[in-house]
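Thank you all for coming; I would like to walk you slowly through one structure today. Please have a look at it first, and then we will go through a few of its parts together.

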Amino acid sequence: MITHRLFLSPPHMSGKEQAYIAEAFESNYIAPLGPMVERFEESIRKFTLAPNALALSSATAALHLALRVLGVGAGDVVLTSSFTFIGSVAPILYQNAIPVFIDSDTKSWNLSPLLLEKAIQTAPKKPKALILTHLYGQCADLEAIIALCNAHGIALIEDAAESLGGVYEGRQSGTFGTFGVYSFNGNKILTTSGGGMLVSANKELIEKARFYSTQARDDAPHYEHTDFGYNYRLSNILAAIGIAQMEVLPERILARRQIFEWYREALSDIGEITFMPELPNATGNRWLTTVTFERSDPTSIRLALEKENIESRPLWKPMHLQPLFQEALRVADGTAQSLFERGLCLPSGTQMSQEEVIRVSEIVKKGCQ
Ligand SMILES: *Cc1c(COP(=O)(O)O)cnc(C)c1O
C-alpha cells in the first residue's frame with residue numbers, strides 16, 4: 001500500500017547540502033553574506049552565463065530591487081503578465097507604481113506580444129518597465145516582446161522564478177532582460193528553503209541593487225546614510241544549500257522533462273486534454289506539468305486525486321481577476337481566464353517514478369467524461 005502523500009513539487013536534496021552547511025558552520029559565517037554566498041552567485045553566473053548575479057532573500061525581493069534600481073516610483077506605469085503568481089507583481093505596489101495586466105496567448109500561455117502592443121498604445125503614460133513571467137518554466141515569446149520593449153524604451157525584467165534552466169534560442173531564460181530573477185523557494189525546481197537571485201549584464205545596476213539590499217550604507221567607518229534600502233541579502237547558510245542544489249540542476253531539468261513526457265504518454269488517448277505548449281525555439285524546464293480539459297471539470301479531478309492523497313492545484317488565477325486588482329488596468333481577451341478555469345497542475349516532483357505518474361494519470365483518466 002502506498003500511503004505517503006504525493007506532493008506537487010517537494011524539495012529534492014542532492015545529498016551534498018549538509019556538507020556545505022557544515023563548511024559554513026566551521027568558518028563561523030552564520031551571517032548574511034560570506035564565502036558561500038559568493039560561491040552560489042558564481043554557480044549561477046557559470047550556469048546562466050549572466051555576467052553579474054546577486055543572491056537575495058527571495059525572488060520577490062529581487063523584483064523589488066530591480067524596480068527600485070530602474071527608478072520606477074510613485075505613479076509610474078509598469079506592464080506585467082497577468083497569468084502569474086502574486087510575487088511577480090506585488091513589488092509594483094511596493095513602489096506605488098501602476099500595474100497594467102496583460103493577457104496570455106494560446107501558443108505559449110505566456111504574455112501575448114499582440115496585447116502587449118495594445119497595452120503600450122493605451123497605457124495612461126509611457127510605461128517604464130515590463131515584468132515578464134516565464135510560467136511553469138516555459139519561455140515566453142521573447143523575440144517579439146523584446147522588439148516591442150526596445151522600440152518603446154521599456155526596460156524588460158524577466159521573472160524567471162519558475163524557469164531556471166529554461167532556454168530560448170539556446171540562451172538561458174532570465175538573461176535577455178535588463179534584469180532577470182530566479183527563485184529558490186521551497187517548491188521551485190531548486191530550493192534553498194527560501195531565496196532568490198537577481199542577474200544582469202549591467203554591472204553598475206547590480207552594484208546599485210547590492211547597495212540597496214544591505215540597507216544602503218554609505219562608505220564610512222560608522223553607519224552613514226544618504227538613502228534608504230532593505231535587508232534583502234541571502235544568508236550564508238542558505239547559500240550553502242544553493243551550491244549543492246546548483247550541482248544537480250541539469251539532471252533536475254531532465255527529470256522534470258521526463259515526467260512531462262510520461263504524463264503525455266499516459267494521457268495520450270484522452271483527446272480533451274491539452275498540455276502546456278512549448279515554443280518551437282525554446283526548451284523549458286517543465287517545472288510543473290500542466291494541462292487543460294476541454295469538457296471535464298478540473299475541480300472534481302483535483303478532489304479525486306486528493307482522495308488518494310495526491311496534491312494537484314488549479315493554474316494561477318490571473319492577476320486581473322484578483323479582488324486586489326478589481327480596479328486595475330488590463331488588456332485582457334479571456335485567454336488566461338479560460339486556462340485558469342479549465343486547468344490543473346499535476347504532481348511533478350523530481351523524485352517521482354514512472355509508476356507514480358501512471359497512477360496519477362489513471363485517476364485523471366477516470367475523472368474524464
Ligand atoms: C515563486 C514565484 C515568485 C516569488 O518567488 P519568491 O522567491 O518566493 O519570492 C515570483 N514569481 C513567480 C512566477 C513565482 O513562481
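This is a predicted model: local features need pLDDT of at least 70, side-chain atom pairs count only at pLDDT 80 or more; totals for chains, interfaces and linings use all residues.

Let me begin with Val167, which stands opposite Gln172 in strand β7; strands here, like helices, are DSSP runs numbered from the N terminus, with at least two residues (E) for a strand and at least four (H or I) for a helix. Strand β6, residues 167-168, is joined to β7 by 2 bridges and the two run antiparallel, where pairing requires that DSSP finds at least two bridges between the strands. These strands belong to an open sheet of 3 strands in the order β7-β6-β11, with antiparallel pairing. Because β7 (171-172) and β11 (282-283) stand at the edges with a single partner strand each, one side of each is left without a neighbour in the sheet.

Residues are numbered from 1 along each chain as its sequence is written, and side-chain values use heavy atoms, with hydrogens and water left out.

Now to strand β8, residues 179-183, of which 5 of 5 residues are buried, meaning under 20% relative accessible area with a 1.4 Å probe and protein chains only. Phe179, Val181 and Ser183 point one way from β8, whereas Gly180 and Tyr182 point the other way. In a regular strand the side chains alternate between the two faces of the sheet.

Which strands does β8 pair with? Strand β5, residues 155-159, runs parallel to β8 and is joined to it by 3 bridges, with Glu158 opposite Gly180. Strand β9, residues 196-200, pairs with β8 in the antiparallel sense over 4 bridges, and there Val181 stands opposite Leu198.

As for polar contacts, which are pairs of N or O atoms within 3.5 Å, a nitrogen atom of the ligand is 2.7 Å from an N or O atom in the side chain of Asp159, and an oxygen atom of the ligand is 3.3 Å from one in the side chain of Lys188.

Note on methods: Buried means under 20% relative accessible area, exposed over 50%, partly exposed in between (1.4 Å probe, protein chains only). A polar contact is a pair of N or O atoms within 3.5 Å; within protein, one must be able to donate a hydrogen and the other to accept it, and residues adjacent in sequence count only if both atoms are side-chain atoms.
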